[in-house]
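Work through these exercises with the model open. Each task is followed by its solution.

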Amino acid sequence: MELADELETNGEGEEMDREPLPELPRREPHLYRNHFGGTVRRKAYIFDGHGDFYNKEWDLTEGRGNEFCWYHVELPKGPQKLSQSAQQLIGVLCPPLKLQDILSLVSNGPFCGHVDGALVFRVNSPGPPASDFTFRIAARITEHSVITVSLGRVPRLGFSPVGESLLSEIPSVETPTNLRGEQKERDGIVIREHVLEFLLTMNHSEEADNPVPKSVSNLVVHIIDTHVDHLQDVVTKLEIELDSVELELDKGGFSLKKQMLDDRRFPKMHLNLQRLLQVIAHGEQVFPRVKEKCSTKQWFSGEDVNSLEELTGRLRRLKDNVGFIANRVTAIQAGLDSWQAEQINKKLYYLSFLSIVFLPLSIITGVFGMNVGGVPWTGQNDPTLKNGFRNVMLLCIFMLLLALLCFSFPALYSRIVTWQRRRVLRRSWSLNRKSFISRTHGIEVQERRGYLRL
């Protein structure tokens, strides 16, 4: 149910900002105020270790006993500097965190290590924050608390009560009488086409189907799993977009191909794929180190260590898939480049045809329109001489032959050199043949005398 409402509000609904339902036991939710005017979203959960969770105040305290807390900060996607993101984190997480904790969470690049007694890892790509292909996820892990920072919304990262999943409902066909994307009718819930398109790009279930973690290790695996799912969703959208573009290219004509070349659509897509590969490569570096460091913790279960290993394998397979998509984009761009070269060759062919048509006319007009009066060696100053035009034509023919000789000289030189080499080779072959015959005849004579001279 929550997913349909989220899509109806242009995809901006946040699962991290929902209020718990009344049937959740034991604790009451607490509202909080944002220090940055709503630009930074944050949410605090507390888990009892037995499969239940509750909203809590933003006090950054750790749990006691089997309880553990999760504090999540969502930085806005927009044209802002890295220092501004650091300032926002300082306002949200300090105190009790120190400056070194903030820098370890917000800096770019891969990192995994212990900072002030806590395990910190980050997978932050250095691209522009407003890009859909810039991913940043960082976590600070202790035995009883987890603090995470993400850039923009991460699907399926939060939790909601079981029973609100749209995927568990019975859908029905949309009719013109429906005014919203989700309305109860006789047979089930009506789902519009754009909702189905969004669901087809998902490689995971809704957040209502997320199993509630019973330990910090379960929560860490859930955070990394949602990050990998987010990357998989982006790759799936790219594949669908690429399939539609290939279909348009097969059906499209000159104007569509020209527009794609002018928009540089495929070079931009290739650049986005390289950014995505960089994020996946960062994950391949960080997550094995997270598994290695968590395996030494007593509170980190062995089953979750194996889950981290499986997630690393998923990243490797995802990297291969992105490589295949990049090859497809390169092939399509090469096809468009060849089509563009073919169009240019056609235009040059038409220009060459026009030049062939008008070349004789230009020669005729150039020759018969010459004014040879006053030209040296024509004798036009002498009124008794009338052969000035002939002399100019002879001079033009001589210059033409000289130009042809200059252009054909390399070819003539190469032919002469080749002929000389062949002649030398034939001469040496004949001499070697005569020498071989003479030596063979001498050996036969020696064999007839009864011995072989060495």
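**Exercise 1.** How do the axes of α5 and helix α6 (residues 254–263) cross, and which residues make the contact?

*Solution.* Step 1: the two axes come within 8 Å and cross at roughly 135°. Step 2: α5 and α6 are therefore oblique to each other (angles under 35 degrees count as roughly parallel, over 145 as roughly antiparallel, 65 to 115 as roughly perpendicular and the rest as oblique). Step 3: Val245, Glu248 and Leu249 of α5 meet Leu256, Lys257 and Met260 of α6, where contact means heavy atoms within 4.5 Å.

This is a predicted model: local features need pLDDT of at least 70, side-chain atom pairs count only at pLDDT 80 or more, and totals for chains, interfaces and linings use all residues. Residues are numbered from 1 along each chain as its sequence is written, and side-chain values use heavy atoms, with hydrogens and water left out.

**Exercise 2.** At what angle do helix α5 (residues 216–251) and helix α7 (residues 265–294) cross?

*Solution.* Step 1: their axes cross at roughly 160° and come within 12 Å. Step 2: that makes α5 roughly antiparallel to α7. Step 3: list the contact, which includes Leu231 and Leu238 of α5 and Phe266 and Leu273 of α7. Step 4: sort the contact by class, giving 15 nonpolar, one polar and three charged residues (Ala, Val, Leu, Ile, Met, Phe, Trp, Tyr, Cys and Pro count as nonpolar, Asp, Glu, Lys and Arg as charged, and the others, Gly among them, as polar).

**Exercise 3.** Which strands does β3 pair with, and in which sense?

*Solution.* Step 1: strand β1 (residues 41–47) runs antiparallel to β3, joined by seven bridges. Step 2: strand β7 (residues 145–151) pairs with β3 in the parallel sense, over seven bridges. Pairing needs at least two DSSP bridges.

Definitions and conventions: Axes are lines fitted to C-alpha atoms, for helices over the stretch in contact, and angles run from 0 to 180 degrees between N-to-C directions. Helices (H or I, at least four residues) and strands (E, at least two) are DSSP runs, numbered from the N terminus.
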